[in-house]
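The report begins with aromatic rings and then turns to sheets and helix pairs.

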Amino acid sequence: MTEQALIEAARVSKAWPFQEAQKLLKRYPQGKPNGAPVLFETGYGPSGLPHIGTFQEVLRTTLVRRAYEALTGGAPTRLVAFSDDMDGLRKVPENIPNAEVLGANLGKPLSRIPDPFGTHESFAHHNNAMLRDFLDRFGFDYEFVSASDRYNSGAFDAALTRVLECNQGILDIMLPTLREERRKTYSPVLPVSPTSGVVLQVPVKVIDAATGMIRFTDEDGSVVEQSVFGGKAKLQWKVDWAMRWYALGVDYEMCGKDLTDSVIQSGKIVQVLGGRKPEGLIYELFLDENGEKISKSKGNGLTIEQWLTYGTEESLGFYLFREPKSAKQLHAGVIPKAVDEYWQFRGNLADQALDKQLGNPVWHLLRANGESGSAGKGAGDTVPVTFSLLLNLVGVLGADATAEQVWSYLGNYVADATPEAHPELGEMVRAALATNRDFIAPTLQRRAPHANEAEALKVLDVELEKAGPEATAETLQNIVYEIGKNETFGFETLRDWFKALYETLLGSSQGPRMGSFIALYGVPETRKLIAEALSAPI
């Protein structure tokens, strides 16, 4: 594949990263002036622990970045991960230790509140570190920027001056969007109280934009004149977002559906400042298993570490890639399918035509950390056993199953069955054991077979004995299939037979391709399961 062929295919691709990248191509038909890099930004509010919703924004933005690079033949780009850690803490998150530490500092900038975990200089520094650790682990290419660093160092002073110069124009945009009571106290600038250190929501009079001087009434009733420079103030959210776009020159930023109004108002404000609203995608929000919005403060849904306990990095990226404009539930139950589908798409990638490759999620994911090549490093790779099959195996082995046991059974099915020889499979074994321990084993319950099912199981036992321990998965599947078709046993459909096998042998209403399971678990061991099922009390 030539670079030109890739460019031509990318320009007509319907894959959403390329559709988003097209917006940037229209923004800069001849490339960004003076060869400057196109700037992508993601935002993080470190008022709570990072969750997958935070991570997905960096991943999805990176996918658009890589798509733009492919679309342009390698135009320069940058990605800034911005933390709004000057924001005042509004409420104490529910999933934080030593909550009294935060409770005693409500209203103060997140970067000036002690760390309740006791490991970093502030609450924001702790949460920022957690986010960066995972972004680094995944291999993202990004620059971390902290709001508090920019405010405190003076890097935002020029932009803050511009905000003060445009104070009335910003009020003209914002006041009509507010309730009457809110209008009375609204100001684009939020001064930090010199006495309490709290970020204040009070009316502000601009005295001198050039020196940053403002006047306001402090919490104790005293009238204060102080500069907005040096971290002595921050901006209201929508104004702050617009100022950031203006100061950094942001070209692309996506956000969740809950920020739709913010995008509109911030877009108007950045134009008043003299900047340009970035391109972007408004994506649907993730929901927990109850259909409720995931919240950092509530701690519902999944954390990054929870997904990586029960799944793999690749499966996380795959799940986040799909249909960003559709709401999706995010809980442990979605992980097994994501693991298996990732490997299905990866296995298909190498043999696909170029246009199909560009629509394959794995094509994009393999490039998230900068890999290149026709289909990407690792395209066409597969794993010898599906995750769903592993879950059935460990389910039979019980809550106390070990990795050593699983690998011993994998020896029935996989050549050179060791985690060293199959590292990706090793990750799946680890995740399957954790999933079994916490979710599957506590719920599995085998039932006794009905009379017709018992007769069918007896025949299956006889046929397995004839087939012997060396029988292939295909041979074993044919044996199971023929028994299910035998009208003597009264199964209305083959599905009824397979469901009976799952419920009596595996303790679940759903299960794997039985021939594959028997080959993996072993014919003698499967016959023991049948014997246990036939002896179970009705």
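Rings of Phe, Tyr and Trp (its six-membered ring) are taken as a pair if their centres lie within 6.5 Å, and such a pair is called stacked if the planes are under 30 degrees apart, edge-to-face if they are over 60 degrees apart, and tilted otherwise. By this rule the count comes to 18 aromatic pairs. One of them is formed by W307 and Y319, a tilted pair with 5.6 Å from centre to centre and 40 degrees between the planes. This pair links distant parts of the chain, since W307 lies in helix α12 (residues 304-310) and Y319 in helix α13 (residues 313-321), twelve residues apart.

The model is a predicted one, in which local features need pLDDT of at least 70 and side-chain atom pairs count only at pLDDT 80 or more, while totals for chains, interfaces and linings use all residues. Residues are numbered from 1 along each chain as its sequence is written, and side-chain values use heavy atoms, with hydrogens and water left out.

**Two sheets**

Helices (H or I, at least four residues) and strands (E, at least two) are DSSP runs numbered from the N terminus, and two strands pair if DSSP finds at least two bridges between them. An open sheet of three strands has the order β1-β2-β3, with parallel pairing. Its edge strands are β1 (38-44) and β3 (143-146), each of which pairs on one side only. From one strand to the next, the twist averages 30 degrees. Strand β2 (residues 77-83) is joined to β3 in the parallel sense over four bridges, and V80 stands opposite E143 in β3.

Helix α3 (residues 52-72) touches β1 and β2, and its direction makes about 170 degrees with that of β1. Helix α10 (residues 237-248) also touches β1 and β2, and its direction makes about 150 degrees with that of β1.

Another open sheet of three strands has the order β5-β6-β7, with antiparallel pairing. Because β5 (205-208) and β7 (223-227) stand at the edges, each with a single partner strand, one side of each is left without a neighbour in the sheet. Three bridges join β5 to the antiparallel strand β6 (residues 213-217), and V206 stands opposite I214 in β6.

**Two helix pairs**

Two packed helices are described by the angle between their axes and the distance between the axes. Axes are lines fitted to C-alpha atoms, for helices over the stretch in contact, and angles run from 0 to 180 degrees between N-to-C directions.

| Helix pair | Axes | Angle |
|---|---|---|
| α17 (residues 387-397) and α19 (residues 423-440) | within 9 Å | roughly 50 degrees |
| α3 and α5 (residues 123-138) | 11 Å apart | about 40 degrees |

Angles under 35 degrees count as roughly parallel, over 145 as roughly antiparallel, 65 to 115 as roughly perpendicular and the rest as oblique. α3 and α5 are therefore oblique to each other. Their contact is made by T54, F55, V58 and L59 of α3 and by L131, F134, L135 and F138 of α5. With Ala, Val, Leu, Ile, Met, Phe, Trp, Tyr, Cys and Pro counted as nonpolar, Asp, Glu, Lys and Arg as charged, and the others, Gly among them, as polar, the residues of the α3 and α5 contact divide into seven nonpolar, one polar and no charged.

Notes. Contact = heavy atoms within 4.5 Å.
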